[in-house]
Amino acid sequence: MSRLAELRAGDPRRLGSYLLAGRLGQGGQGVVFLGRTPAGAQVAIKLLHASVAADPEVRRRFLGEVEAVRRVAPFCTAQVLDASLEDDRPYIVSEYVDGVSLRDHVVAKGPRTGGSLDRLAIGTATALSAIHRAGVVHRDFKPGNVLLSLDGPRVIDFGVSRLMDSAATTNQMPVGTPAYLAPERIEGESAGPPADMYAWALTLAYTANGRHAYRADTYQEILARILYGRPDLGTLTGRLREIVEACLARSPGERPRAEEVLSLLLGHEGHEGHEGRDDRDVLTSGARAAVDTTDPRAGMPAGNVPASGEGDTLPIGPEDSTPTAPGPEDAPQPGPGAGRPGRGRRRVAKWQIAVAVLGVLAGAAGFGLWLRGAQSPGLAGTWTGSADHPSAGRVFPVEIKLVGEGDSAMRWGADLRCSGRLARTSSAMVYTLDHVRGAECYPGTLRMFPSGGDADQAVIRVTRRGDTDVTYSGKVSRPS
């Protein structure tokens with residue numbers, strides 16, 4: 001259970017519309033209070049340092065970062081519900097999770113092993129997958145930011161270090177806990193999703209052994225060992241050790257992405273959440289396996305977890321709007337001895353051809369319904385989401401503003417630093433991206449496709465000018 005301390009003399013009794021009931025903890029970023037909404041629901045409120053609200057540019061960036069954080073899907077995370085910069089008392093309101101931190105649990109009860117460790121690995125990988133898919137980087141992932149609740153592990157404080165860092169003007173040290181900093185962070189490079197995966201691996205090592213993988217007496221020695229030493233992974237063995245070692249690769253580009261790690265833990269090799277699979281499917285499977293001890297996947301060693309099948313709650317299907325007829329290889333396999341002896345080809349029955357044609361027609365009809373639904377109120381509106389740039393190893397936010405008449409606009413990249421004009425082509429869902437501004441931001445072509453038949457959901461694919469392959473892709477949505 002979370003330990004609640006009484007409010008101190010200098011603590012506020014109210015922040016905005018939230019009444020404060022007590023202190024949950026305090027750290028370098030601020031004080032965390034237990035609060036109540038006007039309706040009586042419990043929430044966690046982090047009161048940040050006042051410096052965040054002092055500069056107008058910092059305020060703008062802060063609020064932009066908050067919006068990105070609020071887009072994180074609720075898979076093994078504590079959702080951010082509200083934020084305010086009023087009255088020089090900046091605070092963030094998030095879902096209250098009643099549970100102890102992973103760090104306190106390991107200190108009190110020792111390392112986790114077996115199915116308990118596997119479920120912890122799956123739950124935290126699920127959370128980082130959801131965080132990265134929203135274009136957010138945690139930047140301070142560690143055992144203290146993982147809470148153990150009745151419904152499984154929940155990751156907290158994602159993006160808060162980024163919010164605090166936006167207010168820092170003279171700080172030359174990387175934000176984060178030294179024992180869990182990736183090498184590139186120590187060397188002054190920006191934090192990306194690979195840095196979170198490095199911290200995830202060190203967190204798993206700590207959970208399995210009850211000690212840091214880079215032990216030393218001072219922070220300086222710890223940082224030196226991260227840069228030049230080898231981690232001590234102790235009792236970690238088997239498939240989980242292999243995954244952790246891969247995430248501890250010296251080069252960020254050599255580390256697997258969060259969804260790749262989650263797919264490996266769940267036995268979904270070859271289905272890492274790319275375009276042939278519903279993005280949420282692996283996250284749903286991960287969230288269930290992290291808590292459901294009756295699920296055979298939850299109690300099995302990570303290397304022996306079966307692939308998800310009938311236990312999934314979301315269908316597996318292609319995102320692309322282009323209907324594809326099944327070929328002969330997709331038809332049911334004939335039994336032994338079926339077909340002509342000595343021939344490698346299988347005979348396709350007439351009913352199979354009919355089913356294939358109906359599949360194409362149904363797919364085309366679905367696309368037409370989506371297109372009409374999207375266009376009936378017009379495509380005008382603000383579409384937000386995230387995109388994955390595989391070759392650069394980055395996930396970043398995207399904002400598309402479409403207008404009925406005239407030129408539309410798009411912003412993308414970290415801090416939405418890239419911007420450009422969108423001009424519609426002869427195709428209703430294809431736009432030319434030009435008049436681009438921003439360093440390392442390039443013109444190209446934007447294509448939008450339906451996602452799940454919802455007029456307010458779409459898949460985007462952007463091709464850089466001069467290229468033929470898709471440069472980055474993702475999902476966007478607009479308020480219904």
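Which residues in H6 meet which residues in H8?

Modeller: Happy to. Bear in mind that this is a predicted model, where local features need pLDDT of at least 70, side-chain atom pairs count only at pLDDT 80 or more, and totals for chains, interfaces and linings use all residues. Residues are numbered from 1 along each chain as its sequence is written, and side-chain values use heavy atoms, with hydrogens and water left out.

From H6 you have Met197, Tyr198, Trp200, Ala201 and Leu204, and they meet Leu240, Ile243, Val244 and Cys247 of H8. Contact here means heavy atoms within 4.5 Å. Sorted by class, that contact has nine nonpolar residues, no polar ones and no charged ones. The nonpolar class is Ala, Val, Leu, Ile, Met, Phe, Trp, Tyr, Cys and Pro; Asp, Glu, Lys and Arg are charged, and the others, Gly among them, are polar.

Now the geometry. H6 spans residues 193-209 and H8 residues 238-247; their axes come within 8 Å and cross at roughly 140 degrees. That makes H6 oblique to H8. For the wording, under 35 degrees is roughly parallel, over 145 roughly antiparallel, 65 to 115 roughly perpendicular, and the rest oblique. The axes are lines fitted to C-alpha atoms, for helices over the stretch in contact, with angles from 0 to 180 degrees between N-to-C directions. The helices themselves are DSSP runs (H or I, at least four residues; strands are E, at least two), numbered from the N terminus. The crossing of H6 past H8 is left-handed, meaning the near helix is turned anticlockwise from the far one by less than a right angle; clockwise would be right-handed.

Two residues deserve a second glance. Cys247, on the H8 side of the contact, is buried, with a relative accessible area of 0%. Buried means under 20% relative accessible area, exposed over 50%, and partly exposed in between (1.4 Å probe, protein chains only). Thr203 also sits in H6, and it is buried with a relative accessible area of 0%. Setting aside neighbours within four places in sequence, Thr203 is in contact with Leu102, Phe141, Lys142, Pro143 and Tyr180.

Further along comes helix H9 (residues 258-266), mostly covered, with seven of its nine residues buried. Among them are Glu259 and Ser263. Gly267 follows H9, with a positive phi near 80 degrees.
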